[in-house]
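Hi,

Here is the structure I promised to pass on. Have a look at it first, and then read my notes below.

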Amino acid sequence: MALALPVMNPKSPSRVLLKIGFELTAKIIQKLRDLQVRSIWVRYPSLDGIEDYINAEAAEVRTEVVNNIVDGFEELQTKSAARLPYEQYERSINKLIDQLIGNPRTAIFLGDLADTDDTLVRHASSVMYLALLMGLKLEGYIVHERRHVDPARAKEVINLAIGAMLHDIGMTELDDEVRENYEQTLDESDAAYQQHPALGYQMVRGKLEPTAATVVLNHHQRWDGSGFAGGNYPALPGNRCHIFARIAAVADTFDTLRQPPNASKRPTVIALHQILSEPLASKFDPNVLETLVDVVPPYPPGNIVKLSNDQHVVVLDTNRFDPCRPKVQVMADPEELGNPKNQSGEIFQLSDMPKSIYIAETEGIDVTRFNFTRDKLPSANPELTLKI
C-alpha cells in the first residue's frame, strides 16, 4: 500500500512522518499504531474517483493552519502581553478558502486536520474547519443575519474561522482540576468551567476583530435561550447571538460528540444522530444544523463500511438527499487493499437499493440504529439558507 496523503506526527502535528507515495510495510503500520496514528489514506487504483475529495495541496494548506494554531496557543499561554498573529491567521485561512472554492469536492469534512495527542489543538483545528465549511455554505444566511453590514463584507468568513480556531483558549486559564473534571464528566453545569468563554474573551479582546472575539465569548450560547458566556455576560437566545457564534456552537458540540475527551472516537454518523436528536437539536439554529449535514457526510468518501447483507463496500460519493445511503462500490476483500488481484466490483447508489440493504457497520461498530433520513432534520428556513 502506498500513501495518498502524508502522515503527520501526533506528538508534533506540524511534522511530517511519512510523505505521499511512501510504501507501507507491516513493520511501519505497527509503528504508526504505536504512535497512535488513528487513520491513513492509501492509494487504490480502481477507486481513483475518491481522489477528487483529497489532494496534496489541501493537505499542505491545512498543515499551515494547524501550525498557526499551535504557535498561537503557545504564544498566549507563555506571554501575557502577546499579540496574536492576526495577519498570519488571515493569510493561511485565505489560502484554505481559496483551495476550498477552487476544489469544491474537497469542501467536506473527512476527518481531523490535526491527528495529535494535544486535545486542545485537535479540537480547535476541527472546530475551525467545520465552522469555515458551514460558513461558506451559509453565505446567503450570513448576509441576511448581518444586514447592517455591507453584503460584500458581511459574507466574509475569515473572522468566523479565526474565532472558531481560538474558541476554547479560555480553557487554558482554568485550574487543572476544573479542566480534568470536565474532560471526565463533560458536565457543563460546573460554574468554574462556565467561566472559560469570558476568560478567553479577555485574552483576545483588542487582539482580534470584534466578530472573531464574539465567537470566543458566545460559542456556548444556545438558540433556545440556555447556555452561558461566563462573567456577567447575559444569555443570548435565537438570533440575538451573532451568527458566527451560532455556527461555532454547532461545530464545537458536534466535534465534542465525535471525539469526547473522556472516550474513544465515535463514527461520524453517531455524532450526527446525537446532535440532530432531542434534547440537543432544539438548542441550535436549525439553518446551521441543517448545513452541518451538508458538509459532514455520515459516511465520508473513502471509508470502508459493511452492509446489512454482509458485503464490504467503499463509499465513493455523498448523497445530499439521503445522507446515510451514499454511492458505494463493492470491495472484493477489504483485508487485501494492496493485492492487484483484489478487484472492486459493482458500483451503485445505496438509495436505489431496497430498504433492507443499508450500512450496518463502520469502524467495527454497529451503526444500524443511528442511520437517519434528511426529512428528520430540524426545520430550517429554506429562504435563508444558501444551497450549493
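A word on the ground rules first. This is a predicted model, so to speak, with cut-offs attached: local features need pLDDT of at least 70, side-chain atom pairs count only at pLDDT 80 or more, and totals for chains, interfaces and linings use all residues. Numbering runs from 1 along each chain as its sequence is written, and side-chain values use heavy atoms, with hydrogens and water left out.

**Overall**

The protein chain has 13 helices and 8 strands. Both are DSSP runs numbered from the N terminus, with helices being H or I of at least four residues and strands being E of at least two. Of its 388 residues, 52% count as buried, where buried is under 20% relative accessible area, exposed is over 50% and partly exposed is in between (1.4 Å probe, protein chains only). Among contacts in the chain with a separation of 6 or more, 66% come from residues 24 or more positions apart; a contact means heavy atoms within 4.5 Å.

**The sheet**

An open sheet is built from 6 strands in the order β6-β5-β4-β3-β7-β8, with antiparallel pairing. Its edge strands are β6 (347-349) and β8, each of which pairs on one side only. Strands count as paired if DSSP finds at least two bridges between them.

Going through some of the pairs:

- β4 and β5 are antiparallel and share 4 bridges, and D317 sits opposite K327 in β5.
- β3 (residues 304-307) and β7 (residues 359-362) are antiparallel too, joined by 3 bridges. L307 has I359 in β7 as its bridge partner.
- β7 and β8 (residues 365-366) run antiparallel over 2 bridges, with T362 opposite I365 in β8. These two strands make a hairpin with 2 residues between them, and E363 in the turn has a positive phi of about 55°.

**Helix α12**

This helix (residues 268-275) is mostly covered, with 6 of its 8 residues buried. The buried ones are T268, V269, I270, A271, L272 and I275.

**Salt bridges**

Side chains of opposite charge can pair when their charged atoms come close. The rule here is a side-chain nitrogen of Lys or Arg within 4 Å of a carboxyl oxygen of Asp or Glu, and by that rule there are 11 salt bridges.

D255 takes part in two that I'd look at. One is with R122, at 2.8 Å from N to O. D255 lies in helix α11 and R122 in helix α4, so this pair ties together parts that are 133 residues apart in sequence. Is D255 buried or exposed? It counts as buried, at 0% relative accessibility, and R122 is buried too, at 3% relative accessible area. The other salt bridge of D255 goes to R258, with the closest N and O atoms 3.0 Å apart. D255 and R258 are separated by about one helical turn, because they are 3 residues apart in helix α11. R258 is buried as well, with a relative accessible area of 1%.

Elsewhere, R320 and D294 meet in a salt bridge of 3.1 Å, N to O. R320 lies in the loop between β4 (312-317) and β5 (327-330) while D294 is in helix α13 (residues 286-295), so the pair ties together parts 26 residues apart in sequence. R320 is partly exposed at 29% relative accessible area, whereas D294 counts as buried at 15%. Both belong to a network of salt bridges that links E290, D294, R320 and R374.

**The second largest pocket**

About 980 Å³ of space lies in it. The second largest pocket is lined by 43 residues, and the closest to its centre are T119, H123, Y182, T256 and P261. A pocket is an open set of points on a 1 Å grid over the protein atoms alone, where a 1.4 Å probe fits, with protein on both sides within 12 Å along at least five of seven lines; lining residues have an atom within 4 Å of a point. The volume is the space filled by probe spheres set on the points, which are joined across faces, edges and corners.

α2 (56-78), α4 (119-137), α8 (176-185) and α11 (243-258) each supply at least two lining residues, and α4 gives the most, with 5. The lining splits into 17 nonpolar, 11 polar and 15 charged residues (nonpolar: Ala, Val, Leu, Ile, Met, Phe, Trp, Tyr, Cys and Pro; charged: Asp, Glu, Lys and Arg; polar: the others, Gly among them).

Cheers
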